[in-house]
Amino acid sequence: MIDKPDVDERLLAAEVAAAWGVDIAELVFMPVGLDGEAWAYRVDTSDGERYFLKMRRGEYTRAAVLLPGFLRAQGIRQVVAPIERPDGGISRGFGEHRLLLYPFHDGGSLWGRGLTDRQWIEYGEFLGRLHAVTPSADIAAVLPAEAWRSSAGERLRALGEQAAASEVLGAFWDRYGTALHRLSETVDDLASRVTHGRHVVCHADIHPGNLIADGDGPLHVVDWDAPILAPRERDLMFVFSQDFGDHPINARRAELFRRGYGPLEPDQTTLAYYRSERHLDDAAVFLRSILHSGASPESRANDLHWLTRIAETVADPGCAA
């Protein structure tokens, strides 16, 4: 979220210091991410250490809290897992919010600058290892499983009338509303035709924006908010689509990725379903945010930028899945 949350940052710093036993010198808001229910801070300590604080309105899922640590214990070093508190807990309450503290990694996300050749291979290696993991009984019990049912179309249809009448979104809806409704029909059709393949552990949001690296250094995978047991195409959609990141896959990058992942032939119908459903879900989320939030003009403009980018992709026949 690019707007600061409505919280007392002195109390927030005191809560973090007490919960994780760190001496905080500075708490720095980071205007990153598109989740309207989550905020990020950099935590600088008096001894020169840095941490990443994530604050969410409401609860984190048990899978989001527990899976990253489990994967680190399996030797998947790219996973950025939350830090346990000295008392053995992981998350911490703060009013209506929950807090998670992570190691801080320099370099920023790879959405804008893309992956180097070495990093494309590592991207493949990471997903190959993730998809080969056998979850423990405790982890499997908290991971949701793919059910091929999306609420995105229903949510979008419910917002369409408001969007058409909106001063902010009226022109947008006149131009793109029909294409978004067609996308909803496409998602329903693809859901009826997918092959229900073997389920593996999926990150579920593994685009380059959630890959952190310093230069050509090792990858750090963040934002484990919504892991799921699903066909591997749930993650591979982000790799083989042209829609995620400013330097998407091409023939050379695909070869490098396969060098790390191993031989694979993703099911094209399943890839198309996940790509289309992601666009539909994102469109519904941004519509709701623009129509109903008390966000700043800058935040609404940011949401409209991403909503328009999605709609242009959907409306362009050359970008069809």
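## Largest cavity

Trp120, Tyr123, Pro208, Phe238, Val239, Ser241, Phe244, His247, Pro248 and Ile249 line the largest cavity of this predicted model. A cavity is a set of points, on a 1 Å grid over the protein atoms alone, where a 1.4 Å probe fits but cannot get out, and lining residues have an atom within 4 Å of a point. The space inside the largest cavity is about 50 Å³, a volume being the space filled by probe spheres set on the points. Its lining comprises eight nonpolar, two polar and no charged residues; Ala, Val, Leu, Ile, Met, Phe, Trp, Tyr, Cys and Pro count as nonpolar, Asp, Glu, Lys and Arg as charged, and the others as polar.

H3 and helix H7 (233-240) each contribute at least two of the lining residues. Across the whole structure, two cavities of 30 Å³ or more are found.

## Aromatic pairs

The whole structure holds 13 aromatic pairs, where rings of Phe, Tyr and Trp (its six-membered ring) pair if their centres lie within 6.5 Å, with planes under 30 degrees apart counted as stacked, over 60 as edge-to-face and the rest as tilted. Phe29 and Tyr41 make an edge-to-face pair, 5.5 Å centre to centre with 70° between the planes. This pair links distant parts of the chain, with Phe29 in strand S1 (residues 24-30) and Tyr41 in strand S2 (residues 38-45), twelve residues apart. Phe29 is buried at 16% relative accessible area (buried is under 20%, exposed over 50%, partly exposed in between, with a 1.4 Å probe and protein chains only), and Tyr41 is buried at 0%.

Phe172 and Tyr176 form a tilted pair, 5.1 Å centre to centre and 45° between the planes. Both residues belong to helix H6 (residues 170-191), four residues apart, about one turn of the helix. Phe172 is buried at 8% relative accessibility, as is Tyr176 at 6%. Trp120, Tyr123, Phe240, Phe257 and Tyr261 form one aromatic cluster.

## Surroundings of Phe104

Phe104 sits in the loop between strand S5 (97-103) and helix H3 (117-132) and is partly exposed, at 22% relative accessible area. Arg50 lies over its face, 6.0 Å from the ring centre. Beyond neighbours within four places in sequence, Phe104 contacts Met30, Arg42, Arg50, Tyr51 and Phe52 (heavy atoms within 4.5 Å).

## Basis

Residues are numbered from 1 along each chain as its sequence is written. Local features need pLDDT of at least 70, and side-chain atom pairs count only at pLDDT 80 or more, while totals for chains, interfaces and linings use all residues; side-chain values use heavy atoms, without hydrogens and water.

Methods
A charge sits over a ring if NZ of Lys or CZ of Arg is within 6 Å of the ring centre and within 35 degrees of the ring normal. On a 1 Å grid over the protein atoms alone, a cavity is a set of points where a 1.4 Å probe fits but cannot get out, and a pocket is an open set with protein on both sides within 12 Å along at least five of seven lines; lining residues have an atom within 4 Å of a point.
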